[in-house]
Every structure is written in C-alpha cells, then in structure tokens.
Amino acid sequence: MDSPERETSERRIQSLERGFEIVEYLYQEGETTVSELATELGTSTSTAHIYLKTLSDIGYVVKDGPAYSLSHRFLRFGTKTREKSKIYQAAQSEVDKLAAETSEVSALGVSERGQRILLYKAESSEAVYDNPPVGEYTYMHWTALGKAILGHLPRERVEEIVTQHGLPARTQQTIDEESELFAELETINENGYAIEDEERWNGIRSVAVPLFDDDAIVGSISVSGPKHRFDRDRIESELLDHLMRAKNVIEVRLAHE
C-alpha cells in the first residue's frame, strides 16, 4: 500500500494514520475483504476486521457481503471543500463557457503538496479525452495544468517538488530530466501558457494558462482534446484567445471577491 506523505513529527497517532491508509487503499482498489486487507497491511485478520468495522460503524465504509468499500459520506467533504474555494467560485462558469466555445474538454487545476489537483472540468458533446475524475491528484509535469503552475513558481519550490515526487515518465513524450523541465518552464514563463503534448496520454494534447490572485499563482485553466484537433495553428489563433478571455474574467473576479 502506498502510504500518504509523512511529515516528521514527535507526536503521531499511529492508529489514525493506519485508518487513513486504509481509506486511501479503498479509494485505489474500490473494495476489499478482511483477508485481502490483512495481507495488504501485513497484520492479522482480526486487526483488519477491527479497522473495517470501526470505519463502517462511524459511516465511512459500507459492507456488501464480504466486501467493504468507501461510503458516499466522503462526497460531502470534497463538495464542501471545493464550494468554499475562492478560485472554484471564480472559475466554474468560465470553465463551462470554455467547453462550449471550443467544443473540447476544459478544466481548472490547482496545486497541493506538490501535485496537480483537477478541481473542476466541463466538456461538450463533441469532446474526446481520457476522462480523469474530478479530485484527481497527479504529477505536475505530466499535464499542461501542472506545468502552467510550475512555470510561475520560484525555482526553489520547483526543485523541492522534483525532489519530493521525482519526474517519472508516463509516456515516451513525458519530460523526465530536470534540465529539460526547467528549460520548458522558462519558455512557459515567457510565453504565458503551457502545452501538454502526449505527455500523459498518447494522442491527447492540452493547452493551459496560469491564474493569478494578487500576483500569486493560484491555479490554471486548460482546454484538452485529440492531437489532430490541437495543431499549433488552432492553439495560437483560437484556443489561446478563449483561454485568455476566461483568464481575464477569473482574475478580475478573484481580485474583487
């Protein structure tokens, strides 16, 4: 099981950590049985059962036959957290407009703990994409949303993110060398936009622009779709115009909220 990132601390509640590790495992796997969880944890079935029963009794896990899965209770936390987000409030309607204007998938991304979070997305009936779930965390250097943010962070912060998460490759196009990444981030900073060219999914391109609030980078918005519809001419003559219009509206809203 991949454990959550751990910060150095002298005082920790190990049972609480283990409980959230189980939640993460259920999120990744979808469901588990007591014996499967015991094997995953490297512990006894009785201990695994106690954890699952406790999570079930307080409403965060549901049991269907021998299998346990996460309950819908987590939905309210994610929904509430997003609705309280200033950038979500400012950007949601503009992301919807982007999808309608371009007939592609549009998205809003933010960074947290050195990863890109897909905060919101919208798509037209003609849109084609890999369909990532809202709330997804992934490597910053894999996506246009992430690179647009990285391109406007201090170099020291980017170095920290690379040290923390590495530069694993997702496709043959993924940037996996630090020198190459910093060269591209310099170009992104100069141009004001980032392009994802099959760096996460073969056949998919994306273009993203950064969002600022009081001169601080707070997120990014993107438009994504099949490579054959995202040639450089369309990106530069059409898609960037739509993105910049949306960016300007969102940043005005951020400045006045």
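These legends accompany close-up views of a predicted model.

**Figure 1. Overview of the protein chain.** The predicted chain has 257 residues, and 44% of them count as buried. Nine helices and eight strands make up its secondary structure. Along the principal axes, the C-alpha atoms fill a box of roughly 60 × 40 × 40 Å. Accessible surface comes to about 13,800 Å², with 48% belonging to carbon and sulfur atoms. Contacts between residues at least 6 apart in sequence were also sorted by separation; 58% of them join residues at least 24 apart. Charged side chains number 29 positive and 47 negative. The centres of these two sets lie 6 Å apart.

**Figure 2. Packing of helices H7 and H8.** Helix H7 spans residues 155-165, and helix H8 spans residues 178-191. The two pack at an angle of about 140°. Their axes are 12 Å apart. The crossing is right-handed. From H7, the residues at the contact are Arg-155, Val-158, Glu-159 and Val-162. They meet Glu-178, Leu-181, Phe-182 and Leu-185 of H8.

**Figure 3. Lys-147 and its surroundings.** Lys-147 belongs to helix H6, residues 144-150. Its relative accessible area is 0%, so Lys-147 is buried. Residues up to four places away in sequence are left out of the contacts shown here. Lys-147 touches Glu-184, Leu-185 and Ile-188, among others. Leu-185 is also one of the H8 residues that meet H7. Further contacts of Lys-147 include Met-140 and His-141. Ala-194, Ile-195, Glu-196 and Glu-199 are touched by Lys-147 as well. Val-207 is 60 residues from Lys-147 in sequence. In space, the C-alpha atoms of Lys-147 and Val-207 are 9.9 Å apart.

**Figure 4. Thr-138 in strand E5.** Strand E5 covers residues 137-139 and includes Thr-138. Thr-138 has a relative accessible area of 5%; it therefore counts as buried, the cut-off being under 20%.

**Figure 5. Asp-96 in helix H5.** Helix H5 runs over residues 86-102 and holds Asp-96. Is Asp-96 buried, exposed or partly exposed? Its relative accessibility is 32%, so Asp-96 counts as partly exposed. Leaving aside neighbours within four places in sequence, Asp-96 is in contact with Tyr-120 and Ala-122. Lys-227 is 131 residues from Asp-96 in sequence. C-alpha to C-alpha, Asp-96 and Lys-227 are 21 Å apart.

**Figure 6. Glu-198, a positive phi in the E6-E7 loop.** Glu-198 sits in the loop between strand E6 (194-197) and strand E7 (204-213). Its phi is near 60°, a positive value in a residue other than glycine. How accessible is Glu-198, buried or exposed? Glu-198 counts as buried because its relative accessibility is 13%.

**Figure 7. Asp-214, a positive phi in the E7-E8 loop.** Asp-214 is placed in the loop between E7 and strand E8 (216-226). Asp-214 is not a glycine, yet its phi is positive, at about 55°. With 71% relative accessibility, Asp-214 counts as exposed. Glu-198, by contrast, counts as buried.

Methods. Residues numbered from 1 in each chain as written. Predicted model: local features only at pLDDT ≥ 70, side-chain atom pairs only at ≥ 80, totals over all residues. Heavy atoms only, no water. Helix = DSSP H or I, 4+ residues; strand = E, 2+ residues; numbered from the N terminus. Buried < 20%, exposed > 50% of the residue type's maximum accessible area, 1.4 Å probe, protein only. Contact = heavy atoms within 4.5 Å. Areas by Shrake-Rupley, 256 points an atom, 1.4 Å probe, with all protein chains shown as cover. Lys, Arg positive; Asp, Glu negative; His and termini not counted. Charge placed at Lys NZ, Arg CZ, Asp CG, Glu CD. Axes fitted to C-alpha atoms, helices over the stretch in contact; angles between N-to-C directions. Left-handed = near helix turned anticlockwise from the far one by under 90°.
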